[in-house]
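Dear colleague,

I am handing over the structure we spoke about, and it is shown just below. After it you will find an account of what came out of looking through it.

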Amino acid sequence: MGRSAMPPGGSPFDLGDPAAYRRWREEKLERFPGSVDDLLVEVDDPSRLADAERAALLDRIRRANLVVYRCRRQVVNRDMLRSFGRALGLSRLDDHLCAEEDGISQLTVSDGAGQTGEYIPYTDRPLSWHCDGYYNESERMIRAMLLHCARPAAEGGENALMDHEMLYIALRDAGSEYIEALMHPEALAIPANVQHGEVIRPERVGPVFSVDPGTGALHMRFTARGRNIRWRDDPVTREAVDRIGRLLDAADAPVFRLRLQPGDGILCNNVLHNRTGFRDHPEPERKRLVFRARYLDRVAET
Ligand SMILES: [Fe+2]
């Protein structure tokens, strides 16, 4: 085992153990990557990782919960991405409404005729800050996520990413009452998805921050969208949500911004992310194409 998220002597995410938090916080801030370049790892073939490549990927994920990989071999298919995930302990793919049969979604602008056109990931509009699967039931929590770029947009389509552990630190330093409010089991409700009178997904109520009992890792469930969500009606919760918004927008926030090129990808323990809007090439075969895999597993050894 490499370094685990939980040092000996208690959980850093236990509000009753400030000493464990301080130790973890110090190490986290010391080792946190300073730029996108520090996060970048080149790999030859993602389906046949060399030991050194795997070690370099895991090092970035341990430090920042995310890595940006660049494949020297640019033509990468879904089978290769599945092997890549498996080599990093990711085997349980989430069954998603719009995923293809193998559980990996192809994000591309849909014509609006099919069912996928109603979901923003399948349009060219901007996507606001969120962690994946915030509308999933807790048994299907998304612990890791992969985005792999096959073709970028003609213009735009930039991603921003922020390690949710860094957001946790900023909030806890501002006041542990914010963490307490966000760990409340009714902190955030996503109303049922009802289409044409049919309940496609029931309401989901749960905390923003939770600690995974299996691994001791911190999980975040969040969306910055303003419509169709309900925050717990409590002044500290409201203040905490305002603070999250300000922290994500702050000029000095530890946010990584990048525009994926063909063969580039992001692998993360479901950190906060967003995407700018984009303009596609007019030719259909040159439209932006990104593969996305969502896993119930967390990246191994991180
Ligand atoms: Fe997402």
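The largest nonpolar core has 66 residues, and those with the most contacts inside it are Leu66, Val67 and Leu272. Strand S5 gives the most to this core, with 6 residues. Please keep in mind throughout that this is a predicted model. Around Leu66, and leaving aside its neighbours within four places in sequence, the contacts are Leu39, Arg60, Ile61, Leu161, Asp163, Ile266, Leu267, Cys268 and Val271.

As for the chain as a whole, there are 7 helices and 19 strands in the protein chain. Its C-alpha atoms fill a box of roughly 55 × 55 × 35 Å along the principal axes. A compact globule with 302 residues would have a radius of gyration near 19 Å, and the protein chain, at 19 Å, agrees with that. Of the 302 residues, 34% count as buried, and among contacts between residues at least 6 apart in sequence, 77% join residues at least 24 apart.

Which of its residues are buried? They are Leu81, Arg82, Phe84 and Gly85, and seen down the axis of H4 the buried residues fall within an arc of 155°, so they line one face of the helix. These buried residues pack against S3, S5 and S19. Just after H4, Gly89 takes a positive phi of about 85°.

There is also an open sheet of 3 strands, in the order S11-S8-S14, with antiparallel pairing. Its edge strands are S11 (204-206) and S14 (230-231), each pairing on one side only. Strand S8 (residues 188-190) and S11 pair in the antiparallel sense over 3 bridges, and the bridge partner of Leu188 in S11 is Gly206.

Finally, a word on Leu296, which lies in the segment after S19. Is this residue buried, exposed or partly exposed? Leu296 has 18 other C-beta atoms within 10 Å, and because a residue needs 20 or more to be buried and 12 or fewer to be exposed, Leu296 is partly exposed. Not counting residues up to four places away in sequence, Leu296 touches Arg92, Asp94, Arg140, Met141, Ile142 and Arg143. Leu296 and Pro282 are 14 residues apart in sequence and 36 Å apart in space, C-alpha to C-alpha.

With kind regards

Terms used:
Residues are numbered from 1 along each chain as its sequence is written. This is a predicted model: local features need pLDDT of at least 70, side-chain atom pairs count only at pLDDT 80 or more; totals for chains, interfaces and linings use all residues. A nonpolar core is a set of buried Ala, Val, Leu, Ile, Met, Phe, Trp, Tyr and Cys residues joined through C-beta atoms within 7 Å. Helices (H or I, at least four residues) and strands (E, at least two) are DSSP runs, numbered from the N terminus. Two residues are in contact if their C-beta atoms, placed from the backbone, lie within 7 Å. Two strands pair if DSSP finds at least two bridges between them. The radius of gyration is taken over C-alpha atoms; the globule rule is 2.2 Å times the number of residues to the power 0.38. The arc is that of the directions from the helix axis to the C-beta atoms.
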